[in-house]
Amino acid sequence: MSLNPKFKRWQGQVVWLIGASTGIGAALAEALHAAGATVAVSARGADKLQAFADAHPGSLALPADVLDPAALKSALRTLVAKTGRVDLAVYCAGTYTPLRADHFDLASATAQWQTNYQGALNLLDALLPQLLAQSQAGQGGHLSLVSSVAGYRGLPKALGYGPAKAALIHLAETLYLDLAPKGLGVSVVNPGFVATPMTAQNDFKMPALQTPEQAAAAILEGWQDGDFEIHFPKRFTRFVKFLRHLPARPYFWLVRKGTKL
């Protein structure tokens, strides 16, 4: 049974992608536009956004830094003025720098927290009044947060990244409890390894590595099925989910062995 209203078609749907200049966000923008959605793209890089809009008729470039609440509100006002609503908003802004306790860097940890989590709160401040107004008008709407399987449990080199992604998962679950009774959709996306500028920093072989295009296809399928949690590729994420439920002793032993700590 679906936990969310299903997206049965993309034609005419208004989708706002926040963090859409590279990686999964950029691939989602391409896929959604090809499927017929009206796509609005936001990120800091105005040039990349405008290049996307120029190459994809009907799309909108709305530059905004997720750490600037006023800029997000301004972008949303522009979007609603042009389209009248937001059918799907996707927070896919993110950053990753490998970080461990023996080389702790407060600036790095703080920057990762701010982009990966605080930015999502800034989006909520702008977006929730719009979604609630749509709910009252019988229009509906959906918010999707892109987290990571790194948010399931502690992992090496993820001292800055993992806690923020764990917080996003928790945030999505809490939002679902509040918004689903109002007819609003909430989902969380937990990818495995995807070939993006962030994962290019990894110095180890990444199992079940996917392309951004493969990730975008899996995410669209999850929205179409009405899933709350969208995780992929299943051959990898199901194993990580198994690890999530282990007691601490065997979990730490397996992670140390698997990562050769």
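# A guided tour of the predicted model

Begin by selecting alanine 218, which is found in helix 6, residues 212-225; helices (H or I, at least four residues) and strands (E, at least two) are DSSP runs, numbered from the N terminus. Leaving aside neighbours within four places in sequence, alanine 218 is in contact with Ile230 and Phe232, where contact means heavy atoms within 4.5 Å.

Residues are numbered from 1 along each chain as its sequence is written, and side-chain values use heavy atoms, with hydrogens and water left out.

**Strand 5**

Select serine 144 next, whose place is in strand 5. Is serine 144 buried or exposed? Serine 144 counts as buried because its relative accessibility is 0%, buried being under 20% relative accessible area, exposed over 50% and partly exposed in between (1.4 Å probe, protein chains only). With neighbours within four places in sequence left aside, the contacts of serine 144 are Leu88, Ala89, Val90, Tyr91, Ser187, Val189 and Trp223. If you show side chains here, you will find a polar contact of 2.7 Å between those of serine 144 and serine 187; a polar contact is a pair of N or O atoms within 3.5 Å, and within protein one must be able to donate a hydrogen and the other to accept it, with residues adjacent in sequence counting only if both atoms are side-chain atoms.

A search of the whole structure finds seven aromatic pairs. The rings of phenylalanine 7 and tryptophan 10 have centres 4.8 Å apart and planes at 10°, so this pair is stacked; rings of Phe, Tyr and Trp (its six-membered ring) pair if their centres lie within 6.5 Å, and planes under 30 degrees apart count as stacked, over 60 as edge-to-face and the rest as tilted. Phenylalanine 7 and tryptophan 10 are both buried.

Now move to phenylalanine 232 and proline 233, which are joined by a cis peptide bond with omega of about -10°. Proline 233 is found in the loop between strand 7 (229-232) and helix 7 (234-244). Continue into helix 7 to reach valine 240, which counts as buried because its relative accessibility is 13%. Not counting residues up to four places away in sequence, valine 240 touches Val149 and Tyr152, and the C-alpha atoms of valine 240 and valine 149 are separated by 7.3 Å although they are 91 residues apart along the chain.

Select lysine 157 in the loop between strand 5 (142-146) and helix 5. Most residues other than glycine have a negative phi, and most peptide bonds are trans. Phi of lysine 157, however, is near 65°, a positive value in a residue other than glycine, and lysine 157 is partly exposed, with a relative accessible area of 26%.

Which residues lie nearest the centre of the second largest pocket? They are Gly154, Leu155, Pro156, Lys157 and Ala158, from a lining of 22 residues. The elements that give two or more residues to this lining are helix 5 (161-179) and helix 8 (248-259), and helix 8 gives the most, with four residues. A pocket is defined on a 1 Å grid over the protein atoms alone, as an open set of points where a 1.4 Å probe fits, with protein on both sides within 12 Å along at least five of seven lines, and lining residues have an atom within 4 Å of a point.

Arginine 153 can be selected with tyrosine 251, since arginine 153 lies over the face of that ring, at 3.9 Å from the ring centre; a charge sits over a ring if NZ of Lys or CZ of Arg is within 6 Å of the ring centre and within 35 degrees of the ring normal.

**Histidine 56**

Finish at histidine 56, in the loop between helix 2 (46-55) and strand 3 (60-61). Histidine 56 counts as buried, at 11% relative accessibility. A polar atom of its side chain lies 2.7 Å from the backbone oxygen of phenylalanine 52, and, not counting residues up to four places away in sequence, histidine 56 touches Glu30 and His33.

Notes: This is a predicted model: local features need pLDDT of at least 70, side-chain atom pairs count only at pLDDT 80 or more; totals for chains, interfaces and linings use all residues.
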